[in-house]
Amino acid sequence: MKHRLFWPVAALVLLILINTVARSQFASITVRDGRFYGALIDILRNSAPLMLVSLGMTVVIATRGIDLSVGAVMAVSGAVALTIIDSSADANSLGTVMVAVVVAILASLLLGVWNGFLVSAIGIQPIVATLVLMLAGRGVALLITGGFITTVNSTPFSFISTGYLVLLPFAFFIWVAAVAAVGLIERRTALGVLTEAVGINPEASRLAGVRSRGIIWSAYAASGVLSGIAGIIYASNIRAADANAAGQFIELYAILAVVLGGTSLMGGKFSIAGTVVGVLIIQTLESSILFLGVSSAQSPVFFAAVVIVVVVLQSPPLHRFVRRLASSVRSRRLTEPTSDLEAAG
Amino acid sequence: MSDRGPVRRRPGRVLHHKSKAKRVTSSGNTDHPPIVELRGITISFPGVLALDNVDFSLRPGEVHALMGENGAGKSTLIKALTGVYSIDSGSIDVAGNRQAFHGTSDAEAAGISTMYQEINLCTNLSVGENVMLGHEPRKGGRIDWKAVHRMAAEHLEGLGISIDTRSLLSNHSIAIQQLVAISRAMVLDAKVLVLDEPTSSLDRGEVEQLFAVIRDLRDRGAAILFVSHFLDQVYEIADRITVLRNGKLVGEYLVRDLPREALVTKMIGHALVDLAAISSTAARDIDRTDVPILRASDVGRRGVLEPADVEVFDGEIVGIAGLLGSGRTELVRLLYGADRADSGQIEVAGAPTKMTSPRHAIDHGVAFSSEDRREEGIVSDLTVAENILLGIQAREGFRKIRRAKQESVVFEYMTALDVRPADPNMIAGNLSGGNQQKVLIARWLATAPELLILDEPTRGIDVGTKADLQRKVAELSEQGLSVIFISSELEEVLRLAQRVVVMRDRKCIGELDSLNVELDGLIDFIANEGKGSAA
Amino acid sequence: MTILESAAPARRKVSDHYRVFMSRRASLLPTLAAVAILILLFIGAEIFLRGDFISPRNISALLLDNAFLVLLAVGMTFVIMTGGIDLSVGSVMAFTGIWLAKLLEAGTSLAIALPASLLAGALVGLLIGALVQYFEVQPFIASLAGLFLARGLAFVVSLASIKVENTAVLSLQTTRFRFGDWYITPTGILALGVVLIGAYVMQYTRFGRTTYAIGGNQQASLMGLKVSRTTVAVYVISGVCGGLAGLVLTAYSGAGYPRNGIGTELDVIAAVVIGGTLLTGGRGYMLGSMVGVFVYGTIKTIISFMGAEQSWTQIIIGVLLLVFIVVQRAIVARSDRRS
């Protein structure tokens with residue numbers, strides 16, 4: 001039997017191989033000042049925001065939902081953090097940065113809870129419910145920053161995205177920790193399996209006594225928090241809160257990562273590991289596209305092509321067609337001797 | 001009246017019937033040669049032979065009822081006739097022409113119109129538009145709305161309805177919507193009308209309205225295929241009955257030649273199980289002096305179930321007998337809180353309880369296994385073990401049950417119920433129906449309920465597994481579990497239950513002590529109780 | 001018998017007129033609410049802001065400034081009416097706009113460049129429609145792919161903005177037909193014309209009625225309607241409208257710019273919903289969508305008059321969107337209970 005992760009991992013390995021052949025320096029990792037450098041390390045580092053957002057998206061999609069507001073939440077979170085740091089006396093104080101980060105994450109949690117409220121308590125379809133925040137969220141972020149791109153110079157804050165911790169980038173550790181935390185919460189508690197049950201068959205789950213409202217609500221809350229952390233990393237990287245550019249189109253990349261990782265958009269069974277691989281595929285692809293000399297602004301064309309291929313491969317009509325084809329081939333084999341007669345008649 | 005302008009001038013007019021005299025008995029003309037002839041129809045789905053060499057014919061000027069229990073093949077036959085399914089073998093002739101339907105539009109072109117139980121109209125559009133949709137008269141390339149409403153009003157008048165054709169369809173009752181759907185078929189000039197469970201959400205008066213229209217159409221020469229699980233209605237409207245069972249044709253009968261109990265017997269057939277293999281529990285003594293585990297009084301819901309009383313005592317098996325659609329599922333769903341009752345009280349072990357959600361019922365020791373395994377039971381993509389554990393896990397909340405306990409629970413119930421294959425990590429959706437049923441029962445037994453409600457647990461599963469399940473239910477009740485057992489197989493109910501609650505047409509019509517009644521007596525009770533004698 | 005068909009009273013009272021209206025045109029209420037909001041906005045701005053808000057100049061500018069949004073809203077209304085959604089409109093507008101500019105820059109005549117850019121929009125729409133109809137991809141995902149494709153293609157055409165020198169294109173914007181203090185530009189005429197054509201198609205053609213039917217009943221094909229053809233067509237229409245909006249925006253800004261219209265799809269969806277179209281499809285009016293765009297534009301104008309942050313526009317529109325969605329949900333829930 002084939003493992004669910006076979007195709008995603010194969011695609012990732014293939015991408016890395018192609019890159020390695022095409023440019024020899026791709027796989028090489030150099031050590032300077034006790035730190036690793038190289039294209040692969042960059043991929044690990046740059047994956048962080050998308051990884052966090054995709055983790056949340058995975059859980060939300062597992063409940064048969066979707067969260068369009070992730071980019072807007074990133075913008076709000078970055079705006080909150082930078083505004084706090086900017087208005088403090090000492091931008092370089094570790095305490096200030098800690099406060100800023102915590103407040104920003106709490107704000108994101110609030111936004112996630114709001115989405116969850118609309119979906120699970122009011123019963124609005126997820127696409128529509130999260131559309132509201134997708135639209136208004138950036139406005140809120142702009143209000144917080146006063147309409148400007150707030151920039152700060154804060155060493156502790158910059159460390160979040162560019163710093164190193166034992167050989168590897170700090171941002172890498174953040175997403176590894178987030179993956180571990182989500183993985184543990186979902187798989188060590190019953191949350192994961194209950195989430196899947198709700199996503200696969202809401203009515204059967206209800207009759208079995210599962211409290212689906214709380215489960216759905218918690219998924220959106222988690223997505224909010226994770227997007228908030230992603231927003232902080234993004235802001236730390238550009239040392240600014242850019243309410244318009246932060247997390248732009250990230251919802252599509254996140255959905256793509258989730259689908260690439262083998263989680264169906266119809267909800268149900270989800271794979272955290274699959275999403276991790278999906279994000280790494282996207283990040284590697286992005287790196288390869290840049291290497292080809294294509295402007296990063298143009299890369300959406302490639303991703304659109306990938307999305308189209310993946311959704312067509314997942315589409316029910318194609319599966320029905322293949323099944324019919326397979327069964328007709330099988331029956332033809334069985335009725336081989338008479339097939340000529342059939343053709344004649 | 002049409003020259004006086006559109007009917008909307010007189011909104012709110014009571015429906016009147018065009019047919020002059022109200023007929024008491026059905027008397028369609030049944031001598032015409034058939035307009036629809038199906039010969040040797042066979043349709044199979046992966047693993048199921050849904051229709052096996054079935055013949056069926058429909059004559060102009062008759063109302064023909066198609067009868068059968070779940071899985072008999074009724075809906076498959078209708079779908080073959082209306083072009084939804086393509087047939088594997090056999091032939092379909094309409095008005096003497098051989099047909100090969102590739103979709104509903106082919107059937108429609110051949111003059112066959114279908115009215116589904118779920119009304120297939122657009123409630124967001126006006127009545128008139130629904131009647132004419134896709135066939136709107138046009139003038140100079142644009143839809144002539146005046147003509148649309150005039151023609152729609154004429155068609156509706158033809159059925160004896162005068163309503164404001166410009167009002168939105170959603171403002172009208174289901175009954176009116178049915179009639180709008182029928183007048184739409186008139187626009188298409190249909191020779192054959194297929195009515196699939198048209199009366200399932202109508203009240204008595206609305207059924208009368210519909211029947212008046214059906215009789216009128218029949219008298220004008222339409223061939224009408226009528227599917228309903230209401231026996232009374234079938235005897236009221238139909239001229240001829242075709243009975244299917246397990247995908248096979250049982251026979252075609254004139255209504256006057258087929259008494260009710262004969263029809264019921266033909267629909268149900270004879271149980272395939274060797275019932276002697278199960279030790280009958282019917283004779284067991286139940287102590288009914290104590291407080292019942294569950295007492296429901298006047299529990300009902302408007303339009304779903306007339307208020308009913310049920311009592312279940314410690315260790316008792318109460319059977320619910322009745323045909324499909326008699327209200328047996330509706331009753332237990334109200335007891336479990338899957339749907340909310342709007343009347344009556346429920347007491348659990350003597351204490352009044354509001355059954356507002358399944359969660360509630362489970363907390364009070366009530367468990368319910370739905371008749372619809374696929375949609376309401378099994379979580380198909382999860383493993384067998386996860387499915388078994390779902391009930392207790394939902395109760396525990398997010399704290400995961402310890403692995404050792406998980407394994408012991410899963411092992412215990414898989415062994416006890418003999419789930420095959422004995423692989424807890426198998427995807428539940430891949431199990432056979434019988435084994436899925438066992439997994440569901442295992443899920444509920446693991447929650448250690450006081451009362452287990454089983455709705456059609458033996459439907460659609462093979463003979464051996466069926467006997468296993470029956471034996472298991474008997475065993476559990478001997479250990480003190482109370483059970484409500486619903487089955488279409490009456491012998492099974494009589495064998496297992498100490499008491500049988502009988503339902504018909506969405507109400508409880510009586511209660512029998514299963515020791516004092518034989519199968520024939522039960523069938524007679526279902527068919528005739530409260531009617532005097534057979535129609 | 002049903003209560004609804006109870007005997008008619010001899011005399012018609014006001015309440016009867018009300019009842020007849022509600023039984024026929026209840027779905028007009030959200031659109032009327034949008035009109036009321038628009039009027040209130042104008043009156044409020046006139047009273048509280050400054051005396052010259054309701055002026056011919058200001059109202060003329062409203063159409064001029066929002067012509068591209070009106071065009072996009074027409075396409076979006078068709079799509080949403082079938083129960084779908086098209087997130088690609090902003091990107092399609094950018095892509096067709098920059099491509100038009102590029103072709104003109106290369107010396108292609110407008111007679112070729114314009115159809116070519118409209119065709120580009122139609123093709124993106126065709127792709128989305130085919131994915132939705134033939135591969136059963138959710139409209140949301142399919143159009144998100146369309147959004148990415150068109151945005152990327154816009155940057156493939158050019159990474160920087162391209163100035164348009166073509167006088168015919170520029171005159172679409174600069175020509176002003178004046179009636180006293182009122183004026184209208186060719187872009188405004190185009191937008192109004194497309195709205196009227198759209199309204200006509202919706203109301204008076206079988207195609208238009210089929211879009212309503214699909215939105216009201218996903219099983220509409222069982223009624224013998226041409227569902228597949230119609231579903232694909234609405235996305236193509238939306239693509240073409242995106243192309244027209246690209247032309248108008250290019251004329252408006254005098255250049256094609258690949259970053260145009262980022263996030264515009266959300267504004268358009270919000271305007272359509274505020275204009276009274278149900279996001280789940282089947283109910284709404286083309287003219288309502290135009291009113292929705294004007295509500296959006298007026299809020300924007302008021303905020304700039306007030307000198308407040310433009311970000312308030314997004315927040316207010318978001319809140320309005322939420323209110324409309326919740327109210328619509330309540331209305332739908334009520335009519336579902338009734339039937």
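The model is predicted; local features require a pLDDT of at least 70, side-chain atom pairs count only at pLDDT 80 or more, and totals for chains, interfaces and linings use all residues. Residues are numbered from 1 along each chain as its sequence is written, and chains are lettered from A and ligands numbered from 1 in the order in which they are written.

Chain A contains 16 helices and six strands. Helices (H or I, at least four residues) and strands (E, at least two) are DSSP runs, numbered from the N terminus. Along the principal axes, the C-alpha atoms of chain A fill a box of roughly 90 × 55 × 35 Å. Of its 345 residues, 52% count as buried. A residue is buried if 20 or more other C-beta atoms lie within 10 Å of its own, exposed if 12 or fewer, and partly exposed in between, with C-beta atoms placed from the backbone. Among contacts in chain A with a separation of 6 or more, 77% are accounted for by residues 24 or more positions apart. Two residues are in contact if their C-beta atoms, placed from the backbone, lie within 7 Å.

Within chain A, helix H3 (residues 48–62) packs with helix H11 (residues 212–238) at an angle of about 175°, the axes being 8 Å apart. H3(A) is therefore roughly antiparallel to H11(A). Axes are lines fitted to C-alpha atoms, for helices over the stretch in contact, and angles run from 0 to 180 degrees between N-to-C directions; angles under 35 degrees count as roughly parallel, over 145 as roughly antiparallel, 65 to 115 as roughly perpendicular and the rest as oblique. Residues making this contact include Leu52(A), Gly56(A) and Val59(A) of H3(A), and Ala219(A), Leu226(A) and Ile233(A) of H11(A). By class, the contact of H3(A) with H11(A) has 16 nonpolar, three polar and no charged residues. Ala, Val, Leu, Ile, Met, Phe, Trp, Tyr, Cys and Pro count as nonpolar, Asp, Glu, Lys and Arg as charged, and the others, Gly among them, as polar.

The contact between chains A and B takes 21 residues from chain A and 25 residues from chain B. On the chain A side, the elements giving two or more residues are helix H9 (191–200) and helix H10 (202–207). H9(A) gives the most, with six residues. The side of chain A that touches chain B divides into 10 nonpolar, five polar and six charged residues.

The contact between chains C and A takes 35 residues from chain C and 33 residues from chain A. On the chain C side, two or more residues each come from helix H5 (110–134), helix H6 (139–157), helix H11 (264–274) and helix H13 (311–338). H13(C) supplies the largest share, 12 residues. The side of chain C that touches chain A has 26 nonpolar, five polar and four charged residues.

Helix H10 (residues 227–253) of chain C has 27 residues and spans 39 Å from its first C-alpha to its last, close to the 39 Å expected at 1.5 Å a residue. The expected span is 1.5 Å times one less than the number of residues. H10(C) is mostly covered, with 24 of its 27 residues buried. Just after H10(C), Gly254(C) has a positive phi of about 70°.

In chain B, four strands form an open antiparallel sheet in the order S14-S13-S16-S17. Two strands pair if DSSP finds at least two bridges between them. Strand S14 (305–312) and strand S17 (351–353) of chain B each have a single partner strand, so one side of each is left without a neighbour in the sheet. Neighbouring strands are turned by 25° against each other on average, direction ignored. S13(B) and strand S16 (residues 343–348) of chain B run antiparallel and are joined by five bridges; Leu294(B) has Val348(B) as its bridge partner in S16(B). Helix H9 (residues 328–336) of chain B lies across S13, S14 and S16 of chain B, at about 115° to S13(B).

Ala296(B) is located in strand S13 (residues 294–301) of chain B. Ala296(B) is buried because 23 other C-beta atoms lie within 10 Å. Leaving aside neighbours within four places in sequence, Ala296(B) is in contact with Asp309(B), Val310(B), Leu335(B), Gly344(B) and Ile346(B).

A further open sheet of chain B has six strands in the order S18-S19-S20-S15-S21-S22, with mixed pairing. Its edge strands are strand S18 (366–369) and strand S22 (507–513), each pairing on one side only. The twist averages 20° from one strand to the next.
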